[in-house]
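Subject: Structure handover

Hello,

Here is the structure I promised to pass on. Please open it next to this message and follow along.

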Amino acid sequence: MAFPGVPLMLLVGALARIPGSEGGKETPAHFLVQTKAECRFFNGTQRVRVLGRFIYDRQEYARFDGDLGKFVAVTEFGKVDVDAWNRNKQLLQYQKSAVDSFCRHNYGVFQRNSVVGRRAKPTVTISPTKMDPTSPNTILLCTATGFYPVEIEIQWFKNGQPEKEGVAFGEELQNGDWTYQLQVMLETQPQRGDVYTCKVEHASLEAPITVQWEPRSSSSARSKLWTGIMGAVIGVAFLAVGLFSYLKSKKAIPIQPPAGPDNQSVSWWCKHRY
């Protein structure tokens, strides 16, 4: 964004001295000159600092500092221009007025458009991953997304104690809808029974958000466990069938009376025998 109140003559004067063109050297055919404005607000608009940056090919060479009330050279190339600009009292007064005419004015515009004071609560998740399948280390990613403003604090805890080692912070990324996302990584060796907690504090929250994660058995361990359980069940089933067959074969067989003569023959036999 172009810095307000910087007359075109300043840019023309700056362009007349392009870095690399000193000593009679030919001015480059292609170059990029930028002016950028920053308004830094402290406690609303009670204190406002305005910065006007002058940049040549991505290098800042001069600036106007509202706190100092004058132009300041950032590189050797900017000294000549800065000395000339600071001798212009009318220009300095014009630049100082940007604190009210530009910064405080636009703060009110953004406030009416619900940009200033806007709050969006983060959504927090934990996702485990392994960089090396053979390594005992696990990477835990705590992701906070969809929050605004950008200031946020994320902490890792293990069994209630803050974790310092193995923690790495990513950069805040813009989602393109006035919200941000941030990932904080923890590299650790989780053991059964450990409890990991990601704690997030943000201006949009009345109380911190805490999300927990506990290590589980690996897929191979679960597979072996289920294989053992199924084997035991099948073994018990075969044992029951065998035992049933054995007991059935051992049941007592009823004794049948021996075959013999009928009653009449028995009577005759008894009379002649005795």
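Below is what was found, taken one topic at a time.

Please keep in mind that this is a predicted model.

Salt bridges

The structure holds 10 salt bridges. Start with Arg 53 and Glu 38. Their closest N and O atoms are 2.8 Å apart. This pair links distant parts of the chain: Arg 53 lies in strand S2 and Glu 38 in strand S1, 15 residues apart. Are the two partners buried or exposed? Arg 53 has 14% relative accessibility, so it counts as buried. Glu 38 is partly exposed, because its relative accessible area is 26%.

Arg 53 has another partner. Its side chain also meets that of Glu 60 in a salt bridge, at 2.9 Å from N to O. Glu 60 counts as buried, because its relative accessibility is 16%. Salt bridges with shared partners join Glu 38, Arg 40, Arg 53, Glu 60 and Arg 63 into one network.

Next, look at Arg 49 and Asp 65. Their side chains form a salt bridge of 2.8 Å, N to O. Arg 49 is buried, because its relative accessibility is 19% and the cut-off for buried is under 20%. Asp 65 is at 6%, so it counts as buried.

Helix H4

Helix H4 covers residues 98-112. Does its length agree with what its residue count predicts, or what gap is left? At 1.5 Å a residue, its 15 residues should span 21 Å; the end C-alpha atoms are 20 Å apart, which agrees. Which residues of H4 are buried? They are Ala 98, Val 99, Phe 102, Cys 103, Tyr 107 and Gly 108. What do the buried residues of H4 pack against? Their neighbours are strand S1 (33-42), strand S2 (47-56) and helix H3 (89-96). S1 and S2 are the strands that carry Glu 38 and Arg 53.

Now move on to Ala 120. Its place is in the loop between helix H4 and strand S5 (123-129). Ala 120 has 12% relative accessibility, so it counts as buried. What is Ala 120 in contact with, leaving aside its neighbours within four places in sequence? The list is Gly 146, Phe 147, Tyr 148, Thr 179, His 202 and Ser 204. Take His 202 from that list. It stands 82 residues from Ala 120 along the chain, yet their C-alpha atoms are separated by 9.3 Å.

The open sheet

His 202 also belongs to strand S12, which spans residues 196-202. How many strands form the open sheet? There are 4, in the order S8-S7-S12-S13, and the pairing is antiparallel. Strand S8 (161-162) and strand S13 (209-213) stand at the edges. Each has a single partner strand, so one side of each is left without a neighbour in the sheet. S12 and S13 are joined by 5 bridges. Within this pairing, Val 200 stands opposite Ile 209 in S13.

Best wishes

Terms used
Residues are numbered from 1 along each chain as its sequence is written. This is a predicted model: local features need pLDDT of at least 70, side-chain atom pairs count only at pLDDT 80 or more; totals for chains, interfaces and linings use all residues. Side-chain values use heavy atoms; hydrogens and water are left out. Two strands pair if DSSP finds at least two bridges between them. Helices (H or I, at least four residues) and strands (E, at least two) are DSSP runs, numbered from the N terminus. Buried means under 20% relative accessible area, exposed over 50%, partly exposed in between (1.4 Å probe, protein chains only). Contact means heavy atoms within 4.5 Å. The expected span of a helix is 1.5 Å times one less than its number of residues. A salt bridge is a side-chain nitrogen of Lys or Arg within 4 Å of a carboxyl oxygen of Asp or Glu.
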